[in-house]
Amino acid sequence: MGKIEDLQVINGEGYQLSVLDKVVATARLNSVWPLPFATSCCGIEYMATMGSNYDLARFGMERMSFSPRQADLLIVAGTISKKLAPILKQVYEQMAEPKWVISVGACASSGGIFDTYSVLQGIDRVIPVDVYVPGCPPRPEQIIDGIMKIHEMVKHEPMRRRYSDEYKSLLNKYDIEGNEE
Amino acid sequence: MKSKLSNEMVIEEIKSHFGDAIRNVEEPYGFLTVEVDAAKIHEIISWLKSEPSLAISFLTNIGAVHYPDNKGNEFALVYHLQSMTNNYRLRLKAHVSLEQPEIKSIVDIYSGANWMERETFDFYGIQFVGHPNLTRILNEDSMDYYPMRKEFHLEDATREDKDDRFFGR
């Protein structure tokens, strides 16, 4: 895990041949910088995940990025009120491509028990989400499982996907401006 | 510590000054609750603060209740007041109607009423006349209704994953 098993390298005198997509994916995979957007009890579980017992650092994720501009993975853990939704969206927009989003817990994924006028019924109403982690709150093992799912996506991320029409139309659905080629 | 004031003393004092404005007097759990005319609420709260024998000069909270069946008096405004020196608490109530939910602001008496009145406006749409900045305080600014009014569902109407039959909608 972590490494790209099928990364083939051909070594010669003064050169090394490989597939660029996979070399880049290997680099990304082992240094996903997370931006924690933690608002409640899921945030506590997330902190446990970061701690030495569960140790997210072994995935090359020890560096919490509290600036969205230098983050690859947005970890939304907790209830997002409707008043907070535009701020979450702004944070997402400020992240540089390629970026991934993991929604931790029932509240971030669907509003959870807070079926009420003031709570956003799932963050996928304002930003696209890659992985949903169920639970109220999820255990650190579940969060790690979700992050490993993200790793799987990072591993198979083609270099050109972020410029594709499918990706642009996905962002357009959320009123977010996509990349210009 | 026992209070220096009793409910009888306070209600006598209020009656002697504002006898016409009093609509109803209750004492649930020994807590004196006086229902007064909405037009007089500012005057009464101001007087309670300045009257040295009572010195009810601390505003604990302002809230509202919506009674949709109470035609003409749909909203009850509840003012909780306290006298720190006399260790005495008083509850004042005033009713306003759904057509004209207006009451005079008491920000000029208690600066602390500023956010309390904004919150009451935010959730019930009560217009506090004379408030310096009557805008929403807790809910998002783009909200176009007053969520604590009974005609609005508590639940988020856009939620799709719930079967109405099981959630009483």
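Buried residues account for 47% of the 169 residues of chain B in this predicted model. The C-alpha atoms of chain B occupy a box of roughly 60 × 35 × 35 Å along the principal axes. Its secondary structure comprises 3 helices and 7 strands, which follow one another along the sequence as α-β-β-α-β-β-β-β-α-β. Of the contacts in chain B between residues at least 6 apart in sequence, 51% link residues at least 24 apart.

## Chain B

Chain B contains an open sheet of 5 strands in the order 1-2-5-4-3, and the pairing is mixed. Strand 1 (22-26) and strand 3 form its edges, each pairing on one side only. From one strand to the next the twist averages 20 degrees. Strand 2 of chain B runs parallel to strand 5 of chain B, and 4 bridges join the two. Within this pairing, Thr33(B) has Arg91(B) of strand 5 as its bridge partner. Strands in a sheet are held in pairs by backbone hydrogen bonds, in either the parallel or the antiparallel sense.

Two helices of chain B lie across strands of that chain. Helix 1 of chain B lies across strand 1, strand 2 and strand 5, at about 175 degrees to strand 1. Helix 3 (residues 113-124) of chain B lies across strand 3 and strand 4, at about 5 degrees to strand 3.

Helix 2 of chain B has the buried residues Ile41(B), His42(B), Ile44(B), Ile45(B), Trp47(B) and Leu48(B). These buried residues pack against helix 1 (7-18), strand 2 (33-36), strand 4 (75-83), strand 5 (88-96) and strand 6 (102-104) of chain B. An α-helix has 3.6 residues a turn, so residues three or four places apart point the same way.

## Chain A

In chain A, 4 strands make an open sheet with the order 3-4-5-6 and parallel pairing. The edges are strand 3 (34-38) and strand 6 (131-133), each of which pairs on one side only. The twist from one strand to the next averages 15 degrees. Helix 3 (residues 85-94) of chain A packs on this sheet and touches strand 3, strand 4 and strand 5; its direction is at about 165 degrees to that of strand 4.

Strand 3 of chain A is an edge strand, yet 4 of its 5 residues are buried, so the strand is largely enclosed by the rest of the structure. Strand 3 and strand 4 of chain A run parallel and are joined by 5 bridges. Ala38(A) stands opposite Ala77(A) of strand 4. Together with helix 2 (residues 41-50) of chain A, strand 3 and strand 4 make a left-handed β-α-β unit.

Strand 4 (residues 73-77) of chain A also pairs with strand 5 (residues 100-104) of chain A, in the parallel sense and over 5 bridges. In that pairing, Ile75(A) has Ile102(A) as its bridge partner.

## Backbone features

| Residues joined | Omega |
|---|---|
| Glu97(A) and Pro98(A) | about -5 degrees |
| Cys136(A) and Pro137(A) | about -10 degrees |

Pro98(A) is located in the loop between helix 3 and strand 5 of chain A. Pro137(A) is located in the loop between strand 6 and helix 5 (140-155) of chain A.

Phi of Asp55(A) is near 55 degrees, and Asp55(A) sits in the loop between helix 2 and strand 4 of chain A. With a relative accessible area of 27%, Asp55(A) is partly exposed. Ala55(B) has a positive phi of about 50 degrees and lies in the loop between helix 2 (41-50) and strand 3 (58-66) of chain B. Ala55(B) has a relative accessibility of 16% and therefore counts as buried, the cut-off for burial being under 20%.

## Interface

The contact between the chains involves 12 residues from chain A and 17 residues from chain B. Chain A and chain B bury about 1,200 Å² between them, with 41% of it on carbon and sulfur atoms. On the chain A side, Lys83(A), Asp115(A) and Tyr117(A) lose the most area to chain B and together make up 61% of what that side buries. Across the interface of chain A and chain B, 0 salt bridges are found by the rule.

Terms used. Residues are numbered from 1 along each chain as its sequence is written. Chains are lettered from A and ligands numbered from 1 in the order in which they are written. This is a predicted model: local features need pLDDT of at least 70, side-chain atom pairs count only at pLDDT 80 or more; totals for chains, interfaces and linings use all residues. Side-chain values use heavy atoms; hydrogens and water are left out. Two strands pair if DSSP finds at least two bridges between them. Axes are lines fitted to C-alpha atoms, for helices over the stretch in contact, and angles run from 0 to 180 degrees between N-to-C directions. Contact means heavy atoms within 4.5 Å. Buried means under 20% relative accessible area, exposed over 50%, partly exposed in between (1.4 Å probe, protein chains only). A crossover is right-handed if, with the strands pointing away from the viewer, the path from the first strand over the helix to the second runs clockwise. Buried area is the accessible area (1.4 Å probe) that two parts lose on being put together, summed over both. A salt bridge is a side-chain nitrogen of Lys or Arg within 4 Å of a carboxyl oxygen of Asp or Glu.
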